[in-house]
Amino acid sequence: MSRSERQYRFRMRQFGWRDELKFLIRGISGGFLFGIPLIYTMEVWWIGSYTEPPVKLALLAVTFGVIFLLSRTESFGDDPSERFSQTFRKSIKSLAIGIICTTFILILLREIRIETSLNEALGKIIYEGMPFSIGVALSKVLLNDTDDDRFEDKADLNENQYSAGALRSEDLYSATLADIGATFIGAFFIAFSIAPTDEISMLTSATSPPFLLAIIAASLAISYAIVFASGFTTQDKRNSQRGLFQNPIDETVMSYLVSLFASILMLLFFQRLNFSDPWTWWLEQALILGLPATVGGAAGRLAV
Amino acid sequence: MTQISKIRSKSKRKSRTFAEKVTFVFSVLVVSILVSLVLIVWIFKGERPPVLEIARNGEIRAVNGQFYVPFVLTNEGGENVENVQVVGDLEIDGKTEESGEQSMDFLSAGEREEGAFIFHRNPEDGRVMLRVASYKVP
């Protein structure tokens, strides 16, 4: 084998891994978009706790069946020649991603702890993992943009403006405002139904500073993954969108702060926060609700 | 098809298969572990009714004239319970001087919950009686 062939094979192997990584990040992003509202529902935690093992196994089988059907339906539009075995492998992967992400987020929110019984933990993972895994399977179609022409025109216009160095400051501010608005709308869309529930105060009471730091890190990472790393069809659009915070890191941090602000507004609106409450309570509740709000905010920015 | 393009195509297929294979094996492992754990719980669970145990958990804390008596409640049975009522009495010289009540929403089989009763009189002057008063089957 010549040196160039070896180099080429090495590069191809890298592409294979890159594809898998893309599938993984995209799946995780879709899972969070679809599954996060149910993660914040205590009835689901309880149902998971007292469900009998045979029911849990049946539920796992049903979840797999649903994922398989969804993947099959999706492949009709994407690759009609896809074999059943390929769909089977894809479905197993979607289920596994859902299980891992659900376990991670339940540990993060302290719904699974060292002292949690195995039966309870398994019930929570299986029940919460169901929408998560479906979200993973649906990730490819979840945020498809059908209005490509409008985007292309806009992107071309932006490109021309940039190349000529003629982008006016008003345009820059308008684009920034559009991003902030989209983050707000997305955050409200996902977190508005969670904000008035008792789950927020329950989760806040159960958390601790190290877990809050982990929640901040997870919120930022998920937001970044959804918008910049997942390879959703509108991701290129994000990269060509102009605004004050268009650098991926800047935008992720900015949108997180906007989502936290939106969370505080929602909590105030539903009187879950009062001005007599200590600032630490405000901060903790905002961070807990900030996680689903950030996921929504990221989706909102992809949708503009 | 030229020789090099054949190699490229074959190499691409091989590398993708390898990456896919690794993630697939890992995924099968994750799902298998989950299924195995559910089966283990199923086999060892049996038909044991709830057994609720309450015990003191750590030292008494005295803060601003109040005495905090920590406790731990464990469900050692095989079934889950709801609305567990826990009662704590402080007896001094054979008389119940203070009494406290606590309710736990949910306690699954094997789960433990912690809490504390707060008394105004020093528990070390008498004795603290902790007991589980009632529960409901979900």
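Which side chains meet in a salt bridge with an N to O distance of 3.0 Å? They are Lys93(A) and Glu20(A).

Before I go on, some housekeeping. This is a predicted model, where local features need pLDDT of at least 70 and side-chain atom pairs count only at pLDDT 80 or more, while totals for chains, interfaces and linings use all residues. Residues are numbered from 1 along each chain as its sequence is written, chains are lettered from A and ligands numbered from 1 in the order in which they are written, and side-chain values use heavy atoms, with hydrogens and water left out.

Now the salt bridges. Side chains of opposite charge can pair when their charged atoms come close. The term here means a side-chain nitrogen of Lys or Arg within 4 Å of a carboxyl oxygen of Asp or Glu. Over all chains, the structure holds 9 of them.

Back to the opening pair. Lys93(A) sits in helix H4 (residues 84–108) of chain A and Glu20(A) in helix H1 (residues 3–39), so the pair links parts of the chain 73 residues apart. Helices (H or I, at least four residues) and strands (E, at least two) are DSSP runs, numbered from the N terminus. Both Lys93(A) and Glu20(A) are buried. Buried means under 20% relative accessible area, exposed means over 50%, and partly exposed is in between, with a 1.4 Å probe and protein chains only.

Next, Glu251(A) and Arg301(A). Their closest N and O atoms are 2.5 Å apart, in another salt bridge. Glu251(A) and Arg301(A) are both buried.

On to chain B. Glu82(B) and Lys136(B) form a salt bridge at 3.6 Å, N to O. Glu82(B) lies in strand S4 (residues 81–92) and Lys136(B) in strand S7 (residues 127–136), 54 residues apart. Why does Glu82(B) count as buried? Because its relative accessibility is 19%. Lys136(B) is partly exposed, because its relative accessible area is 44%.

In chain B, an open sheet of 3 strands runs in the order S5-S4-S7 with antiparallel pairing. Strands S5 (95–107) and S7 are the edge strands, each pairing on one side only. Strands count as paired if DSSP finds at least two bridges between them. S4(B) and S5(B) pair over 11 bridges, in the antiparallel sense. To pick out one bridge, Val84(B) has Met104(B) in S5(B) as its partner.
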